[in-house]
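Colleague: I would like to learn how to read a structure like this one. Can we go through it feature by feature?

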Amino acid sequence: MLIKKIYLIFTISLVFAISFWIGFNVNLLPAEASINAPIYDELFKILFIIGLIIFIGMTIAVIYSLFKFRKRNDQIGDGIALEGNLTLEIVWTIIPSIIVLLIGLYSYNIYDRMGGMKELNHNHEMMSSDTEKIWAGISQTSDNAISKNNLSIEVSAMQFAFLFNYPKGNFISGELHVPVDQKVSMKMESKDVIHAFWVPEFRIKQDIIPGQPTILNFTPTKVGKYPIICAELCGPYHGGMRASIIVEEESDYNDWFNKNKKSEVNL
Ligand SMILES: [Cu+2]
């Protein structure tokens, strides 16, 4: 009996150890390229580890049961009928309830740290007039010194493209260019149906809704070219509704901006 208990404790510890090791050492996500990315990835890591514990634990339990409770040669019938087990039922109700509750609270905390709980109609004086209601969006993780110097960009989404208007330069681009480590405020509007602006490397996604402007603030942290993907089924060519975001050094961004400034529509 004691040996059995030791085996059980050893197996459970091993499952936890393997799950934590994989959770901390295997990265399934794309590069982290915005200040929101590491925050989001904390949550993903926790969910991944919980998933691994359940998956590995269940697999071991199933394989063990296949051998332990297999039909013996001399056995006839289905074996002894099992009655209910109240303790077991209480345990497997309480443990998942606690896990789900904790994940819910933790997700709320992560969403808050990503700026999802911020009041949207304040601090965006450049983006919204008094009469215009901003309906939804993700604001910034922290109000730091650069917030006054936000780069504002207006995004128009339509079947099946994104257009980026730079009001300061008075030009429209089909490619989104932003300088690295600069807070960007985007006001997004749809010309037709619901679209969604998604940059997996930034871990941000926001719906773009006709008639209801949404905002999205982010700060890119890594120079590179990343895909912008429409994440809302918006019509037959939804799958082709993609654009690129180019995060570059400030000097490169300024070169690009000055080249396009006040020129004709540049697509
Ligand atoms: Cu779309």
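Colleague: Are Asp41 and Arg203 buried or exposed?

Modeller: Both are buried. Keep in mind that this is a predicted model. The general idea first: side chains of opposite charge can pair when their charged atoms come close. Here Asp41 forms a salt bridge with Arg203, and the closest N and O atoms are 2.6 Å apart. Asp41 sits in helix α2 (residues 37-68) and Arg203 in the loop between β7 and β8, so the pair ties together parts 162 residues apart in sequence.

Colleague: How many salt bridges does a search of the whole structure find?

Modeller: Two. Glu42 forms a salt bridge with Arg113, with the closest N and O atoms 3.0 Å apart. Glu42 lies in helix α2 and Arg113 in helix α3 (residues 86-113), so this pair ties together parts that are 71 residues apart in sequence. Glu42 is partly exposed, at 32% relative accessible area. Arg113 is partly exposed too, at 30% relative accessibility.

Colleague: Now the metal. Which residues coordinate the copper ion?

Modeller: His195 (ND1), Cys230 (SG), Cys234 (SG) and Met241 (SD) do, at 2.1 to 2.4 Å. Along the chain, the donors follow the spacing H-x34-C-x3-C-x6-M. His195 belongs to strand β7 and Cys230 to strand β10 (residues 224-230), 35 residues apart, and this pair links distant parts of the chain.

Colleague: Why is the arrangement of the four donor atoms tetrahedral?

Modeller: Read the angles. Four donors count as tetrahedral if all angles lie between 85 and 135 degrees. Around the copper ion the four donor atoms subtend 94 to 121 degrees, so the arrangement is tetrahedral.

Colleague: Is His195 buried or exposed?

Modeller: His195 is buried, with a relative accessible area of 0%. Cys230 also counts as buried, at 3% relative accessibility. The cut-off for buried is under 20%.

Colleague: On to sheets. In what order do the five strands of the open sheet run?

Modeller: General idea: strands of a sheet pair through backbone hydrogen bonds, either parallel or antiparallel. In this open sheet the order is β5-β11-β10-β7-β8, and the pairing is mixed. At the edges are β5 (176-179) and β8 (204-208), each pairing on one side only. On average, neighbouring strands of this sheet are turned by 25 degrees against each other, direction ignored.

Colleague: In which sense do β7 and β8 pair?

Modeller: Antiparallel, over five bridges, with β7 covering residues 195-199. Ala196 stands opposite Asp207 in β8.

Colleague: Which helix lies across β5 and β11?

Modeller: Helix α4 (residues 250-260) does, running at about 140 degrees to β5. Strand β11 spans 242-248.

Colleague: How many of the seven residues of strand β6 are buried?

Modeller: Six, so strand β6 (residues 184-190) is largely enclosed by the rest of the structure. Now look at the strands it pairs with. Strand β2 (residues 151-158) is joined to β6 by seven bridges, and the two run parallel. Ala157 has Ser190 in β6 as its bridge partner. Strand β9 (residues 214-218) pairs with β6 in the antiparallel sense, over five bridges. There, Val184 stands opposite Phe218 in β9.

Colleague: And for the protein chain, how many helices and strands are there?

Modeller: Four helices and 11 strands. Of its 267 residues, 34% count as buried. Among contacts in the protein chain with a separation of 6 or more, 70% join residues 24 or more positions apart.

Conventions. Residues numbered from 1 in each chain as written. Predicted model: local features only at pLDDT ≥ 70, side-chain atom pairs only at ≥ 80, totals over all residues. Heavy atoms only, no water. Pairing = 2+ DSSP bridges. Axes fitted to C-alpha atoms, helices over the stretch in contact; angles between N-to-C directions. Contact = heavy atoms within 4.5 Å. Donors = N, O, S within 2.8 Å, 3.2 Å for Na, K, Ca; no water. Tetrahedral: all angles 85-135°; square planar, octahedral: opposite > 155°, others 65-115°. Buried < 20%, exposed > 50% of the residue type's maximum accessible area, 1.4 Å probe, protein only. Salt bridge = Lys/Arg side-chain N within 4 Å of Asp/Glu carboxyl O.
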